[in-house]
Amino acid sequence: MNWKDALLDIVKDSDSRIRFGELLAKHTYFGIGGEATAYIEISTVDELGALARFHRQWDVPVAIIGRGSNLLVSDTGFNGISVRLVGELAKLDVDGNTVSVGAGLSLPRLSKNMSRQGLSGVEFALGIPGSVGGALIMNAGAWGSSFGDVVTNVTVMTDTGELVNLTHAEAAFEYRHSGLDAYFCATGARLKLEPGDVDTITARMQTFYKQKIETQPFAEENAGCMFKNPSGDSAGRLIDISGLKGHRIGGAEVSRVHGNFILNIDNATAADVLDLIAYIQKQVREKTGISLQTEVKRLGFLD
Ligand code: EPU
């Protein structure tokens, strides 16, 4: 048996939930990237456990791609299996102000649902088009809040397919980083939210969203902020004062609205984006002495 046949045994309905040679450009907000050898939708913990064991047995690279919102995929694609969590792994359960969320759920959906239920704490997340899993791993945030702030526990799966429940402290949340990368996969989290008035929470959520629309690009394909903010400053501001807004390499351009966004304005390749990243880093270093570090995750590159 080869690994592709073994993969077909992991899920039911493999015809619709497994595809070979899947173009990843269509699974990323950047709209960039070649093919993954395989793409699979995993909908239960049991299937995920089987995938973890498959990964150990066959040693084929596996990447959980979330909703592809913070991801740059190489032009040559990903020599491995890209995974999307759906079904049971994208569920939402509310018990008073304790909320259990699956890693596959989208943050905007979570944010809207919580506002409708009069639960406060994730209003900031409407404008972040990622998954709960991505938000856990990256400790995604905006407008002074980070996802980790509302998380009491995280469930992860180990390489051997075991589920482990971690406390907030064990998840080791930092600015745009956590300790969760060490596991095979984050499967979900328990959140503690504050009960409040539906209209107040909804208004707060809409105010954040309006602020996002006013200060960040949204029409063109992009992967959110490209660089982490250096301590006490904004990468976007540094890129701006370095005169780089509107700078273009191939089909990739620095947003004229917010300097920390790279836009795919005309069939940009991953190589265009990497060249633009390197150019920005060099110019900002020369002009300000600060070395910007990327925030966006990469897939399919050699380094
Ligand atoms: N600024 C400029 N020019 C620019 C961009 C920003 O002068 O081109 C100035 C702004 O005027 C403001 C300051 O820099 O005075 C900070 O800007 P902003 O409020 O936009 O925040 P940011 O630090 O640039 C961070 C997060 C965003 C998040 C916003 C809003 C990071 C890397 N960025 O941006 O998160 O949405 O705050 O809270 O942490 C992301 O992580 O993908 C992301 C977009």
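**S146.** My terms here are buried for under 20% relative accessible area, exposed for over 50% and partly exposed in between, with a 1.4 Å probe and protein chains only. S146 lies in strand 10, residues 145–146. Helices (H or I, at least four residues) and strands (E, at least two) are DSSP runs, numbered from the N terminus. Not counting residues up to four places away in sequence, S146 touches F124, N139, A140, G141 and R176. Contact means heavy atoms within 4.5 Å.

**Ground rules.** I number residues from 1 along each chain as its sequence is written, and side-chain values use heavy atoms, with hydrogens and water left out. The model is predicted, so local features need pLDDT of at least 70 and side-chain atom pairs count only at pLDDT 80 or more, while totals for chains, interfaces and linings use all residues.

**Strand 11.** I turned to strand 11 and its partners. Five of the seven residues of strand 11 are buried, and the strand is mostly covered. Strand 11 (residues 151–157) runs antiparallel to strand 12 (residues 163–167), with five bridges between them. Two strands pair if DSSP finds at least two bridges between them. Strand 11 also runs antiparallel to strand 13, joined by six bridges. I checked V154 on both sides. V154 stands opposite L166 in strand 12, and its bridge partner in strand 13 is A189. N153 has T167 as its bridge partner in strand 12. What lies between strands 11 and 12? Five residues separate them in a hairpin, and G161 in the turn has a positive phi of about 90 degrees.

**Second largest pocket.** I noted a volume of about 250 Å³ for this pocket. Its lining has 15 residues, of which V101, G102, T155, T187 and G188 lie nearest the centre. Strand 7 (98–102), strand 11 and strand 13 (185–192) are the elements that give two or more residues to this lining. Strand 13 gives the most, four residues. By type, the lining divides into four nonpolar, seven polar and four charged residues. Ala, Val, Leu, Ile, Met, Phe, Trp, Tyr, Cys and Pro count as nonpolar, Asp, Glu, Lys and Arg as charged, and the others, Gly among them, as polar. For the search, a pocket is an open set of points on a 1 Å grid over the protein atoms alone, where a 1.4 Å probe fits, with protein on both sides within 12 Å along at least five of seven lines; lining residues have an atom within 4 Å of a point. Grid points are joined across faces, edges and corners, and the volume is the space filled by probe spheres set on the points.

**Aromatic pairs.** I found three of them in the structure. The W3 and F54 rings have centres 6.3 Å apart and planes at 70 degrees, so this pair is edge-to-face. It links distant parts of the chain, with W3 in helix 1 (residues 3–8) and F54 in helix 3 (residues 45–58), 51 residues apart. Both W3 and F54 are buried. W143 and F208 are stacked, 6.3 Å centre to centre with 5 degrees between the planes. W143 sits in the loop between strand 9 (141–142) and strand 10, and F208 in helix 7 (residues 198–215), 65 residues apart. Which of these two is buried, and which partly exposed? W143 is partly exposed at 28% relative accessibility; F208 is buried, at 12%. Ring pairs also link W3, F54 and W58 into a cluster. Rings of Phe, Tyr and Trp (its six-membered ring) pair if their centres lie within 6.5 Å; planes under 30 degrees apart count as stacked, over 60 as edge-to-face and the rest as tilted.

**Two loop leucines.** I looked up L24 in the loop between strand 1 (18–23) and strand 2 (35–42). L24 is buried at 1% relative accessibility. Its contacts beyond four places in sequence include I32, I65, V73, F78 and L299. L24 and I65 are 41 residues apart in sequence, yet 9.6 Å apart in space, C-alpha to C-alpha. L89 lies in the loop between strand 5 (78–85) and strand 6 (92–95). L89 is buried too, with a relative accessible area of 3%. Among its contacts beyond four places are I42, L48, G102, L105 and T187.
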